[in-house]
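Here are my notes for a colleague who is opening this entry for the first time. Please keep the view beside you while reading.

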Amino acid sequence: MDMEELMAQANALQEKVSAAQEKLGQMHIKGIAEGGACIVDLSGKYDLFGLTIREEALSRGAAGVAALVMAAYNDAKKKVDETIDAVMGDATAGMPIPE
C-alpha cells in the first residue's frame, strides 16, 4: 500500500468518525428508574439534556431521590456505551486500524 492510498484511507476514516461523533451528540438516550419515577436524558456524548422526577418520587426524601437519579443515570450510561460501540463500529467497519 502506498502512502497516498494510506492517507486517503485515513482521511475517509476521520470523516466517518467525525460524522459518527456528530450523530452521537444529537441523539437522545433515556435512562429509566423504577418504571419512570426518574428519567435521565443523555446525548451519545454523555451531555445531560434533561432530568424528570415524578412528583410522587419526591416523598422518598433526598437520599431516595438521589438513588433514583443514580439508577436512571446508570441505565442511560449503559445504553450510551452500547450506542457508542455500535455507531463507532459502523463508522470504522472495514477500515484497518493499527493496534
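1. Surface. The protein chain exposes about 6500 Å². Carbon and sulfur atoms supply 57% of that area. Accessible areas come from the Shrake-Rupley method with a 1.4 Å probe, and for residues only the protein chains shown count as cover.

2. Basis. This is a predicted model: local features need pLDDT of at least 70, side-chain atom pairs count only at pLDDT 80 or more, and totals for chains, interfaces and linings use all residues. Residues are numbered from 1 along each chain as its sequence is written, and side-chain values use heavy atoms, with hydrogens and water left out.

3. Elements. The protein chain has two helices and three strands. Their pattern along the sequence is α-β-β-β-α. Helices (H or I, at least four residues) and strands (E, at least two) are DSSP runs, numbered from the N terminus.

4. Dimensions. The C-alpha trace spans about 65 × 20 × 20 Å along its principal axes.

5. Burial. Of the 99 residues, 25% count as buried. Buried means under 20% relative accessible area, exposed over 50%, partly exposed in between (1.4 Å probe, protein chains only).

6. Tyr46. This residue sits in the loop between strand S2 (38–42) and strand S3 (48–53). Tyr46 counts as partly exposed because its relative accessibility is 33%. Leaving aside neighbours within four places in sequence, Tyr46 is in contact (heavy atoms within 4.5 Å) with Tyr73, Lys77, Val80, Asp81 and Ile84. Ala8 is 38 residues from Tyr46 in sequence and 31 Å from Tyr46 in space, C-alpha to C-alpha.
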